[in-house]
Amino acid sequence: MATTETNAPYVGRPIPRVEDARLLRGLGTFVDDIQRPGLLHAAFVRSPFGHARITSIDASRARELDGVALVLTAEDIEDLAPIATGLPREEVVANNRPVLPPETVRFVGEAVACVIASSRYVAEDAAQLVDVEYEPLPAVIDAERSLAEGAALLHDGTESNSFAHIEYEQGDVEAAFAAADHVFRKRFHHGRFHAAPLEGRALLAEWDPGAQEMTIWMSTQIPHLVRTLLCHAIGLSEKQLRVIAPDVGGGFGLKLHLWPEDYLVSAASKRLNRPVKWVEDRSEALAASLHAKEIICDLELATKADGTFVAMRGRYVGDAGAYAAYPFTPLVDALCAAVMLPNVYDVQAVRFEVDAAFTNKCPAGAYRGVGWTSGQTARELLVDEAARELGIDPMELRLQNTIPDGEPYVSGTGCKYDGGSYGAAQRKAMELIDYAAFRGRQEEARAQGRHLGIGFSPFLEPGGWSGELAKRMGFPFDYMDSARVTIEPDGSVVVAMGLHSHGQAHQTTMAQVVADKLSVPIESVKIIQGDTAQTAYGAGTFGSRGAVIGYGSISRAAEEVAEKVKQIAGLALEAAPEDIELKDGNAIVRGAPEKAMPMMMVGFTAYFGAFVGGKRPPGIDPVLTSTRSYDPPETYANGCVAAVVDVDVETGAVIVEKVVIVDDCGTILNPMVVDGQLVGAAAQGVGGALYEELRYDEDGNFLAGNLLDYLYPSTLEIPPIEVGHLQTPSPVTDGGVKGCGEGGTIATPAAVVNAVADALSPLGVTIARTPLDPSHVLSLIREARG
Amino acid sequence: MSVQDRLVEGEIVVRLTVNGEERRGIAEPRLLLVDFLRHELGLTGTHVGCEQGVCGACSIRLDGELVRSCLLFAVQAEGSSIETVEGLAPGEDLHPIQQAYHEQHGLQCGFCTPGLLLATVDLLERNTSPSEQEIRDYLAGNICRCTGYVGVVAAVQEAARKLEAGGS
Amino acid sequence: MKPAPFKYVAAETVEEAVAALGEHGDEAKVLAGGQSLVPLMNLRLATPGVLVDVNRIAELSGVRANGNLEIGAVTRQAAIERSAEARAAAPLVVEALRHVAHPPIRSRGTIGGTVAHADPAAEIPAVLLALGGEVVARGPGGERTIPADELFQGYFTTALQPDELLTSVRFPAQGPGARTALQEVARKQADFALAGAVVAANVGDDGTCESARIVLFGVADRPLRAPGAEEAVTSRSLADVAVLADAAQSAAAGIDPTGDAHASAEYRKEVAGVLVRRALTTVAEGGVQA
């Protein structure tokens, strides 16, 4: 665990989590735990075909079943307009997704009807009684073929199957390639993965016909955005909708989206004047929620004879699935991958081309690390291959080309890195994994017929997902994130913020921030999150932004409140406000600590003045609350992952022996929480590299519909993971915080895949896809054998 | 009564002991035990993650054995003795196993946690000082997506130490 | 998903169970451990109209080692794993159980259930075949014994009739020269095998294999003997790598597996041979210990 040199009582220390007690006791409140009087339950009829015309749909038998309250098909929901996904940039062609398709189903699992009944059991019985006739159509399941001339268009009124075609160039790339001594190429097809939070999607919508207001409990990372995006679609103004995210059982980016199911369940509640709950089951989650990261990458690296990188080119074709994921769009995969093409390498001539192609698969959107993962894997594999061809050690080649530590740098795609430990992190990873001894170990093992391999993956983690960062990544948006800090009469501190934790311990880390800022004991702090009726507006928690945004917004609001405290205390203690300090729950006169006013007295004086014998300072508004926002500049954490694997060349099985992750996220709020994020993300990376795959066959049939096919890694697949820390505080963000959470998923697949490539390189094997399941690994070995 | 006469079709009353307390509820044959515990008895600590027996979020103990409550019907549990997460903490304080998970950051979102706690109870009852490999073997049937298992393994090791020191 | 509706009866004796199965015919299924059946029901891939719960039938539970190892059909896999008697009589059975899923699955799953379910990628049916065991079943016409060689007939299909209840599973006791081994490859350690091999051999003091039963699983619609491989090792020294290579090649040549989302046909064919060789190597080194 990192040890921060800190004098602060809380920030930088491994404060145990306040959220633990209720979760450990089984007293958490997840959406499915919530009961409401008169509750009804939803189930969906889903397409068994990847692409088909609906020739008829008859819900009469279903409607007659005892216990069924409502069945909705496309013709019943004319008031629910299609969900339109776009971006305010000219290359993007907005995509419409019908809430229930009237004519054409476009992926296995797409909902074609919604049943509301007295229990989930009965709703599923009724779903089986909805008679749907389909006429199957040919399915498009390859993103490149989807873009090819003459490919059948998946959406009406479009000219191509690409959601967006985006190009970028900096420097004279063609000239650089022409003049280069070497050009290395790599084609890599990154696998299709699932965030797979253990709690799937869930919502409970309750329309109150008396108040004409709706409350929605939703397992979401973005309660305010849900409110804003959903309300008008269901005929409400924003003030009529309250969204509450209770305990959320994991999100990882998946729960940043909205789906037809959300619209249908809410609309059903309004029609029936009854609360309606829908809890996604595992089959629905796998087939019909959100997929991610499948990108076909064609990369080129131009170097001098001595290995100096001079230019890079990348073509990224993302497999967007059947509809554009709402609202973040499929560009989170291919476009994000492209923008980070140069990584930590000093390359100023860069060109990229991006497409997000529709296919007959489940829509693809954000999953921890987004497309940075896929681009990272392809690029770092290419760097290792270049090293092998050049006869240079891969880490030597990387370090030779890495930008200097500590200085800001503008990348070849215009990203403003704010200075980090770009080289130092690599060296530290090499040290922790004992790279120096490894080659000897590897040779000894080879002599015994064992194939060990080592792989490295230096990474950047764009943090904060602010307006500036989003635009840099290609998403022209600003976000409003705020926090409200209030001191109550008794001196308790309450923070209401727009972020929402789904495992990242905001209730603890944000309490640490405000407790330090106001110098109060952490036990007197309460963090409110997730309820739009109680909290200040925020975009939510994702994109490694929690710590950055939280620190900034809370600090600014707390500072304003602290000013008021000093003025009130100054008057009471007969000192100038500038001479008042906040310390250990009191306001004291600097240099005369016996002159102290406890926070509770400050509170009562502010609220009730003369009633408690206190005086309010004239001319100031004594209100002890402030709402401030924070939208940070671009900031980038950095690090390096290293992995050692043991490949059984007779069975293709890959065992990961060890993973090391070195991370520099600037100022750390809670090292215990940061370690947990790094390890958890790295584990997802191992899963993606070796075990997880959302596969389709040629006809668009979905082959990963249960957990015997989509393989969550367990304690036996995830090795011990060691964490190392460096800290380069950001010079541009409040508190120097850079953000953390995605590094492990961005970088670990590349380290594992590089390790396998390293183990198998003597056999002449090249790796061009993930995951590396045993059957695929053995086929690579067999092919190389000839 | 012959076996034909005992055929159950509709809802019946199921009586069982849960965390030491006698409870009863209504169940039709197909009602899964996990749904009975959660919605009929209001014990929502046990979670549903897959309904296939793979993820372990529904883990409870039935008659002293660790089982998947998503693969049992409530009617099968008539007369049995069940332990769920709600029964772990003796009162105001956390059970030593819960305390260990807290200290070692063995949970993040908390969804898999009740299942893991029951699996840990079962493991440490059978093996009071398991090695890391034994811990990983025993808990391989409990999926966690958040922690990457490092904190979980540390928690179980700490729990073993606590139980050995203080007695169970 | 939630299961479709069904009727439920808990049988208290074998006679009751058989009567209920007879009464309801195709509509009825036996509910033992439920670890294979209930997931299918939850996915609505299995929709029996009647479940006959046999978990309360006391006589169907128990491990008896009297010469052979006889295990009541409803004996929990976990109980067998913990049974010193079982380990002494047939250590391969206990070893195989360690590969079956996870402890909470084994605490409910039964030996009879896994045999009757006949998943071609499951370990216990392959072990039963390799050891030359048999099952006892009772139906309306009385009791009969079915040897393993005749029991497994296809994908999830055995010779059991719908109105028959499997009552016990018998493994012959391992004699003095008996050595066994099991090798498999799975995507995740506790999952169903992509391919697997079981060897049960009698090895003389000089290391010569006097006889062997070699069974492959996960590579066909049922566990399969590998007669070519068996012949390759009979009366030969298992210390001879050429003999082992020969056996591996014969094993691979003798099967025609299908591919699926987890592994190609070529993979299963190639790896089956590798696993036979590795299992024979384990046997040469002493095999599974009690």
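Student: In this predicted model, why is the pair A:D33 and B:R38 called a salt bridge?

Tutor: The side chains of A:D33 and B:R38 meet at 2.8 Å, N to O. The rule asks for a Lys or Arg side-chain nitrogen within 4 Å of an Asp or Glu carboxyl oxygen. The pair A:D33 and B:R38 therefore qualifies as a salt bridge.

Student: How many salt bridges does the rule find across the interface of chain B and chain A?

Tutor: The rule finds 4 there. It also finds 24 residue pairs in polar contact, both residues at pLDDT 80 or more.

Student: Which elements of chain B give two or more residues to the side that touches chain A?

Tutor: They are α1 (33–40), α2 (96–103), α3 (113–126) and α4 (132–138) of chain B. The largest share, 4 residues, comes from α4(B).

Student: What is the make-up by class of the side of chain B that touches chain A?

Tutor: That side has 22 nonpolar, 16 polar and 11 charged residues.

Student: What makes residues of chain B and chain A count as in contact, and how many do?

Tutor: Heavy atoms within 4.5 Å make a contact. By that cut-off, 49 residues of chain B are in contact with 52 residues of chain A.

Student: What area is buried between chain B and chain A?

Tutor: About 4,100 Å². Carbon and sulfur atoms give 58% of that area.

Student: Now chain C. Why is the pair C:K2 and B:D35 called a salt bridge?

Tutor: The side chains of C:K2 and B:D35 meet at 2.9 Å, N to O. The cut-off is 4 Å, from a Lys or Arg nitrogen to an Asp or Glu oxygen. So C:K2 and B:D35 pass the rule.

Student: How many salt bridges and polar contacts are counted between chain B and chain C?

Tutor: The count is 4 salt bridges. There are 14 residue pairs in polar contact, both at pLDDT 80 or more.

Student: Which elements of chain B give two or more residues to the side that touches chain C?

Tutor: These are β4 (65–68) and α4 of chain B. The largest share, 4 residues, comes from β4(B). By class, that side divides into 16 nonpolar, 5 polar and 10 charged residues.

Student: How many residues does the contact take from chain B and from chain C, and what area do the two chains bury?

Tutor: The contact takes 31 residues from chain B and 38 from chain C. The two chains bury about 3,000 Å² between them, 56% of it on carbon and sulfur atoms.

Student: Which residues in chain B lose the most area to chain C?

Tutor: B:L7, B:R30 and B:L71 do. Together they give 20% of what that side buries.

Notes
Residues are numbered from 1 along each chain as its sequence is written. Chains are lettered from A and ligands numbered from 1 in the order in which they are written. This is a predicted model: local features need pLDDT of at least 70, side-chain atom pairs count only at pLDDT 80 or more; totals for chains, interfaces and linings use all residues. Side-chain values use heavy atoms; hydrogens and water are left out. Buried area is the accessible area (1.4 Å probe) that two parts lose on being put together, summed over both. A polar contact is a pair of N or O atoms within 3.5 Å; within protein, one must be able to donate a hydrogen and the other to accept it, and residues adjacent in sequence count only if both atoms are side-chain atoms. Ala, Val, Leu, Ile, Met, Phe, Trp, Tyr, Cys and Pro count as nonpolar, Asp, Glu, Lys and Arg as charged, and the others, Gly among them, as polar.
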